[in-house]
Amino acid sequence: MEQILGYLGLGLMLALSGIGSSYGTTIAGNAAEGALKVNPSKASGYMVLAALPATQGLYGFIAFMMNCGVDLSAGHNGAMMFGLGIGVGLACLLSAIRQGKVCAAGIQGVAQGHDVQSKTMIYAALPEFYAILALVATFLVQWD
């Protein structure tokens, strides 16, 4: 049972963070597509903002790779891995989606001619901070 919980946790860590990044980049990418029709000269700026939510998928992948070698048959490691997987996965999922919405709003502002590219990147870093904290938590876990 411990191993099943552990592998489920690893799977959730990877899957939820990837799903979040997919949704976040799609939200921002849709805004970028609309913005291209309004102001195509800012395409590179739109692309940078639309790509930001992809980082949470990378954090989930890094956490997954770091924990693949854990002995899931030992003691309580399976339950701990399940909890870690849920925590990292949900933090990455939700922060990527919310970051995508922040980036979409910034893309709309840039398309309308406002100088908000750098400010949007700062605002977009705020939800990402929690995905980074979830990744850092994986460094702090003490395995048997």
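These legends walk through several close-up views of one predicted model.

Residue numbers start at 1 in each chain and follow the sequence as written. Because the model is predicted, local features need pLDDT of at least 70 and side-chain atom pairs count only at pLDDT 80 or more, while totals for chains, interfaces and linings use all residues; side-chain values use heavy atoms, with hydrogens and water left out.

**View 1**
Helices here are DSSP runs of H or I with at least four residues, strands are runs of E with at least two, and both are numbered from the N terminus. Along the principal axes, the C-alpha atoms fill a box of roughly 60 × 20 × 15 Å. Of the 144 residues in the protein, 40% are buried. In these legends, buried means under 20% relative accessible area, exposed means over 50%, and partly exposed lies in between, using a 1.4 Å probe and protein chains only.

**View 2. Helix 1 meets helix 2 in a right-handed crossing.**
Two packed helices are described by the angle between their axes and the distance between the axes. Helix 1 covers residues 2–38, and helix 2 covers residues 43–51. Their axes come within 8 Å and cross at roughly 165°. That makes helix 1 roughly antiparallel to helix 2. The axes are lines fitted to C-alpha atoms, for helices over the stretch in contact, and the angles run from 0 to 180 degrees between N-to-C directions. Angles under 35 degrees count as roughly parallel, over 145 as roughly antiparallel, 65 to 115 as roughly perpendicular, and the rest as oblique. A crossing is right-handed if the near helix is turned clockwise from the far one by less than a right angle, and left-handed if anticlockwise.

**View 3. A50 sits in helix 2.**
With 13% relative accessibility, A50 counts as buried. Look also for I132, which is 82 residues away from A50 along the chain. The C-alpha atoms of A50 and I132 are 19 Å apart.

**View 4. Helix 1 passes helix 3 in a left-handed crossing.**
The axes of helix 1 and helix 3 come within 7 Å and cross at roughly 165°. Helix 1 and helix 3 are therefore roughly antiparallel to each other. On helix 1 you can find G20, which is buried at 0% relative accessibility. G20 and L90 are 70 residues apart along the chain, and their C-alpha atoms are separated by 8.5 Å. On helix 3, pick out M65, which is partly exposed with a relative accessible area of 49%. From M65 to G34, 31 residues apart along the chain, the C-alpha separation is 37 Å.

**View 5. Helix 3 and helix 4 cross in a right-handed way.**
Helix 4 covers residues 77–111, and its axis comes within 8 Å of the axis of helix 3. The two axes cross at roughly 165°, and helix 3 and helix 4 are therefore roughly antiparallel to each other. G100 belongs to helix 4 and is buried, with a relative accessible area of 0%. Now find A54, 46 residues from G100 along the chain; the C-alpha atoms of this pair are 9.2 Å apart.

**View 6. A nonpolar patch lies on the surface.**
Its members are L58, I62, M66, I132, V136, F139 and L140, and together they have about 630 Å² of accessible area. Patches are made of residues with over 30% relative accessible area and no salt bridge, joining like charges within 9 Å and nonpolar side chains (Val, Leu, Ile, Met, Phe, Trp, Tyr) within 5 Å. A salt bridge is a side-chain nitrogen of Lys or Arg within 4 Å of a carboxyl oxygen of Asp or Glu. Accessible areas come from the Shrake-Rupley method with a 1.4 Å probe, and for residues only the protein chains shown count as cover. Helix 3 (55–67) and helix 5 (117–140) each supply at least two residues of the patch. Helix 5 gives the most, with four residues. Within helix 5 you will find F139, which counts as exposed at 52% relative accessibility.
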